[in-house]
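Open the structure in your viewer and keep the selection panel at hand. The stops below say what to select and what is there.

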Amino acid sequence: MPDSTTPANYLLEVEDLKVSFATRGGVIKAVDGLSMKVGYKEVVGIVGESGSGKSVSMYSLIGLLREPNVTITGSVRFEGREILGVPDRELRSLRGREIAMVFQDPMTALTPVYTVGWQIAEQIRTHTDLDKHQARERAIELLTEVGIPDPSRRINQFPHEFSGGMRQRVVIAMALSCNPKLLIADEPTTALDVTTQAQILELMKKLQATYDSSIVLITHDMGVISEMADRVVVMYAGRPVEIGDRREVIRTPRHPYTWGLIGAVPRVETKRSRLVTIPGNPVSPLNIPAGCAFAPRCAHRFDKCDERPPLQGEGHLDACWLTSEQKVELRARTEQETLS
Amino acid sequence: MDDVLLRATDIVKNFTIRSAKIGGRVSVPAVAGVSLEVRRGETLGIVGESGCGKSTLARCLVQLMAATSGSVEFNGTTLTGLSRRKLRPFRREMQLVFQDPYASLNPRRRVGDIVAEPLRINRYGDAKKIAARVVEMFEIVGLDPASVNRYPHEFSGGQRQRIGIARALALNPSLVVADEPVSALDVSVQAQVLNLMADLQERLNLTYLFIAHDLGVVRHVSDRVGVMYLGELVELADAETLYNFPLHPYTEALLSVAPELDDGRQQLRERIVLTGDVPDPFHRPSGCPFRPRCPVATEKCAAQKPVLVEISPGRSVACHYPRNLDATPASD
């Protein structure tokens, strides 16, 4: 991880990003003040439950949210260059070439009416000078690279002729076709079985090493984060509540929401007598509390929580009013209660 | 002997596929000969990847679907072949909780009516008695009884799953078959529902058949676990033994790749990443169904199909070359 703070040391810098949707029911603050950095060759995981704003934040920064009722403010710098609010024409050369995306459902990311080879070649020809024939050759190379057997035959097949895992490999091949600096992967393995998920994660790790890309991995699964990410951003109700090195966040989480998130996962390796639960339901984005968004569900809230806590700390940041000593003590106590 | 609530013997379920490509109808086995017992008061977990036949098996067990062959015995009575009318008293003993709490509740009916429906069908009592039971059920699953007149869309995913559980438990069944009951829920809500199910099991003396693809969830809830692959039960053992000393190479690989939190408390397993996909049941390999992806398969596995045998008390496996045989499970 780069330790200097000069802008050029980060591939992506997001500062105070806010995304809101004007709806009939009121203004929905989907992302409310996200600041994060992604270094070169770094894998940053964004974890949170449904509606925490993890996908919306990434969609907004590459200009995928263009509905008239969306308001996006803040600053997003890619290699030091501001990309928020630039005309779509300029963004288009960035999207697909410098920043690529892998979506959750590989069936909807591919069009069913063209062959897989056509779709990959289209992407290559849009962003490079290769001719039709060369693009096809490159598509075959890419399919080989993502581990699709018999690529010269498979390239003429349609998406429905591929299994879920194979389709996700095709989508990854497309994303990598222009050697992007940043890959945004939105729940890339959620729709897949465990053994297939393992194959895809392994593939992403291998390709990240060969292509030197940075990855932003959006997921709800702490286990996937634990295997893939260098750093973790934990989001709740559109706000980052904890950011830090993957090991530190998983081993010594500081925010009570992260404690709950980690404790609620049933484990394969150890049996707990009881799972930690976070009482209540995620807050409605229509009325996020003025203070700490997690306070209504937090067992350790106190008067101070009526005021919104800033994200603070060095390296390992968190947004909670408890003192460091309190956090260590309370965390140890909740752990004791649930271990069998 | 008496502690077996449900016994299934050699269940086979074939689906007929019509396709011009293959020139006519072909019968494809979704469940290819599964035998198991569910003991009174236990939770039997069934894990497997999509398409392994776990849901089809569950449906055959509770007679929602007629098995092609094989028999199901519930509380000593053979259910297979019974007429619909004769089956009815058994249906109230076996209830289902479904995966998708959005699809399994009728959006046009009030949630109180949804929970009351099984009571009405089974003539539980007069309107007053039924209403009282609905309120009781809402309290049992942790919902506000004042919300009986609301519609499903007014509830969150976790609350809807509680409604589904209330409906399943309204008739006081002895067996609850839960098919992926928490896979559509966020982790924090998932934990609430799992804890609720554990509480209810203790309080109401329930037996669970719990079907899921999430290995962590299955370990958490189950006393015994069965692993399915391509329509067959390849391993069955008590949960602790199976997770610590898997016998079947498929179980071993499956456990090794489950994403696990590296919190420094335990050693992580060495990952065994399998190649290829689960074969479709249309092209079943000869011999052992796992053979084409198995790291230890030999010619014997292609020639001779391994059957599920009990190799030590409570541990069964269908494999010619079981792993971790020497490892003895700790007695605690």
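Two residues are in contact if their C-beta atoms, placed from the backbone, lie within 7 Å. This is a predicted model, where local features need pLDDT of at least 70, side-chain atom pairs count only at pLDDT 80 or more, and totals for chains, interfaces and linings use all residues. Residues are numbered from 1 along each chain as its sequence is written, while chains are lettered from A and ligands numbered from 1 in the order in which they are written.

Begin where the chains meet: 37 residues of chain A and 36 residues of chain B make up the contact. Next select helix 6 (187-204) of chain B, one of the helices that supply at least two residues to the side touching chain A. Helix 6 of chain B gives the most to that side, with 7 residues. Helices here are DSSP runs of H or I with at least four residues, strands are runs of E with at least two, and both are numbered from the N terminus.

Stay in chain B and select its open sheet of 4 strands, in the order 2-1-4-5 with antiparallel pairing. Two strands pair if DSSP finds at least two bridges between them. Strand 2 (24-39) and strand 5 (77-78) of chain B each have a single partner strand, so one side of each lacks a neighbour in the sheet. Strand 1 (residues 4-19) of chain B is joined to strand 2 of chain B by 13 bridges. Pick B:Phe15, and its bridge partner in strand 2 of chain B is B:Val28.
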